[in-house]
Amino acid sequence: MKKFKIIIDMLLFIITIALFNIGLVGNLMHEILGTVMAILIVVHIILNFKWIKQVTKNFKKTNAKTKIMYIVDIFIMIIYLGTIICGILIANEIFNFHMSSSLGLVLTHLTLGRLAIITMFIHLGLHLDRILKKVENKKVKKSIYMVYTFIVIGITIYFIYTLTHSFQWLYAFGKNNW
């Protein structure tokens, strides 16, 4: 079961990264991967439901790190749910609700998609101690944490830049504002 959870987590990570660049994978594959990811998220929640139930039940008694993880997970759930719903509504290939020209939905999908990746990295960072459990050298472990932190900060800055300089934002608020 533990290996299955790890495979699901790795697939979620890889698919999330692949979904960022729609130009690389194309519209149809973006929609297929988004659908697969929605299914994997449900599987991930089912596999971790015991933890969710226990923390929900004993929230006041849990330590600070667990509370932070729980709150981050709730934000992730809301963000991914919003991303998926907007994605389905603006889809053209698998689903077609003829809403792909809705600038508000497109901007919401873009914004939530980037927030999903950022919060996924935060979620992963909160679990880094489990991932690095077998690394015994404290200097190596500290170096990995530092590199990871810089990567997340770099990705966050890049996503904010690409989001604020995307065609949709420029179209919505005018080129001259930037």
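Is Asp 129 buried, exposed or partly exposed?

1. Asp 129 is partly exposed, at 34% relative accessibility. Here buried stands for under 20% relative accessible area, exposed for over 50%, and partly exposed for what lies in between (1.4 Å probe, protein chains only).

2. The model is predicted, so local features need pLDDT of at least 70 and side-chain atom pairs count only at pLDDT 80 or more, while totals for chains, interfaces and linings use all residues. Residues are numbered from 1 along each chain as its sequence is written, and side-chain values use heavy atoms, with hydrogens and water left out.

3. One salt bridge is present (a side-chain nitrogen of Lys or Arg within 4 Å of a carboxyl oxygen of Asp or Glu). Its partners are Asp 129 and Lys 65, at 2.8 Å from N to O. The pair joins distant parts of the chain, with Asp 129 in helix H6 and Lys 65 in helix H4 (residues 64-90), 64 residues apart. Helices are DSSP runs of H or I with at least four residues, numbered from the N terminus. Lys 65 is partly exposed, at 36% relative accessibility.

4. Helix H6 (residues 128-131) also holds Arg 130, which is exposed with a relative accessible area of 53%. Arg 130 forms a positive surface patch with Lys 2, Lys 133 and Lys 134. Patch residues have over 30% relative accessible area and no salt bridge, and like charges are joined within 9 Å; the place of a charge is NZ for Lys and CZ for Arg.

5. Val 106, in helix H5 (residues 103-126), is buried at 14% relative accessibility. Val 106 and Thr 83 are 23 residues apart in sequence and 9.8 Å apart in space, C-alpha to C-alpha.

Terms used:
Patches are made of residues with over 30% relative accessible area and no salt bridge: like charges are joined within 9 Å, nonpolar side chains (Val, Leu, Ile, Met, Phe, Trp, Tyr) within 5 Å. Accessible areas come from the Shrake-Rupley method with a 1.4 Å probe; for residues, only the protein chains shown count as cover. Lys and Arg count as positive and Asp and Glu as negative; His and the chain ends are not counted. Helices (H or I, at least four residues) and strands (E, at least two) are DSSP runs, numbered from the N terminus.
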